[in-house]
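Please read this briefing alongside the sequence and the 3D view. The points are grouped by topic.

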Amino acid sequence: MLDLKYIINNKLEVIKKLSTRNYDIDNIEKIVTLVEKRNKLIAKLEKLQAERNTLSDEIGIKKRNKQDTSKLMEKVSKIKVEIDKVDVEADELIKKVNDLVIKIPNIPYDEVPVGRSDLDNVVIKEFPNLGRGLVKNVEAHYDIATKLDIIDFVRSVKLAQTRFVLYKNEGAQLVRALANFMLSTHIKNGYKELMPAHLVNSKMLFGTGQLPKFKEDLFKIENNDLWLIPTAEVPVTNYHYDEILDLSKPIKYVAYTKCFRSEAGSGGRDTRGVIRQHEFHKVELVKLTSEKDGMHEWEEMVKDAESILQLLEIPYRKVLLSTGDIGFSSAKTIDLELWIPSEQKYRETSSISICKDFQGRRAKIRYRDENDKLKYAYTMNGSGLAIDRVVAAILENYQNPDGSISIPKVLIPYMNGLEKISKK
């Protein structure tokens, strides 16, 4: 959430920045107009209160002198009615302002490329020579997984509906191995592990920016203020909701969870396989930092997420997202996209975003700077990584001519020494 004072005092800059974010900048003018109206009402309120106080003093004097105060009391009564009316009007205006402010996306950093969609994203660097390089001519992960009997796509639909999968045998083992490998790697890099619940309340989703804007993308528990998490970013960032922290050093967390998304508006896309599901596995990285440490720690987080792909030796590329493609809470995002041979293209497996104090303000997460001034924390998050897409990449990039799948070397210890997944 943006600071209202900042919006008012920097209106032209805010409009310029948000005009690149597919946001209706007319709302900024509405906010300014509403605030000006409220300020006039506050001035009127203060004048009425001063008038009432003056009359009250006169009433006190007349009462002490045993004089008639009925006319003055009548005036005070009318002023009180007017004060109550102005007070309600002012509250209604600020509510309208707040409703508009909470729907404003974050302001991007200057270096974020201006664009309208993912077509305007910028490829920073490619790493095409990892492992077996840019593999071609292999079976799609969903076909090979069915033949190897490690994912059951048919029964998962029976159990739930489309876009759910059931891992089995070595497939389930591979998911578990990847989660443990990713967690162990990030813990070595200084992250502390959390294991949060998969349900959160509305305040937590507001804190990280999923509510109110993305309500349709979430799964809600009926008759309860509980929602399934779309990402561990929500409970992990909000772990310090409404707290004042010591951020002389960054706070670093890693968590493995299931994630749940309704994927509203994505009908017809990626309906086969494990690329886009309603329920998926993810290891998430979250940092809370001071303003001065923010950018450096975000750059380090990008490296931490990258290290997983490098260790797995899966070709990937780094992409800087444009202003039209970054998330609602993000001020700058780099995507890591891994190679999917059956599609002959890269697919996103991690979005690493720095949110400045946008989420800190919404979640009331604060710290004291070197001058003992209370400020809102900088937050950042990124997948480290999205496991299902890594599974798809392994099944295709490590596919052998005989239909077996070689296990990446770093995963073999996590697979109890298993080096290949073969047909039974």
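Contact here means heavy atoms within 4.5 Å. This is a predicted model, in which local features need pLDDT of at least 70, side-chain atom pairs count only at pLDDT 80 or more, and totals for chains, interfaces and linings use all residues. Residues are numbered from 1 along each chain as its sequence is written, and side-chain values use heavy atoms, with hydrogens and water left out.

**Annotated binding site**
- The unreviewed UniProt entry places a "binding site" at residues including Glu-348 and Ser-350; such annotations may be inferred rather than shown by experiment.
- Ser-350 lies in strand β12 (strands are DSSP runs of E, at least two residues, numbered from the N terminus).
- Ser-350 counts as buried because its relative accessible area is 0% (buried is under 20%, exposed over 50%, partly exposed in between, with a 1.4 Å probe and protein chains only).
- Leaving out residues up to four places away in sequence, Ser-350 touches Ala-305, Ile-334, Asp-335, Leu-336, Gly-382, Ser-383 and Leu-385.
- Glu-348 is also in strand β12, which covers residues 345-354, and is partly exposed because its relative accessibility is 28%.
- A polar atom of the Glu-348 side chain is 3.2 Å from the backbone nitrogen of Ser-350.

**Nonpolar cores**
- A nonpolar core is a set of buried Ala, Val, Leu, Ile, Met, Phe, Trp, Tyr and Cys residues joined through side-chain atoms within 4.5 Å.
- The largest nonpolar core has 59 residues, and Leu-178 and Leu-411 are among those that touch the most other members.
- Beyond four places in sequence, the contacts of Leu-411 include Leu-174, Phe-181 and Ile-394.

Methods: Helices (H or I, at least four residues) and strands (E, at least two) are DSSP runs, numbered from the N terminus. A polar contact is a pair of N or O atoms within 3.5 Å; within protein, one must be able to donate a hydrogen and the other to accept it, and residues adjacent in sequence count only if both atoms are side-chain atoms.
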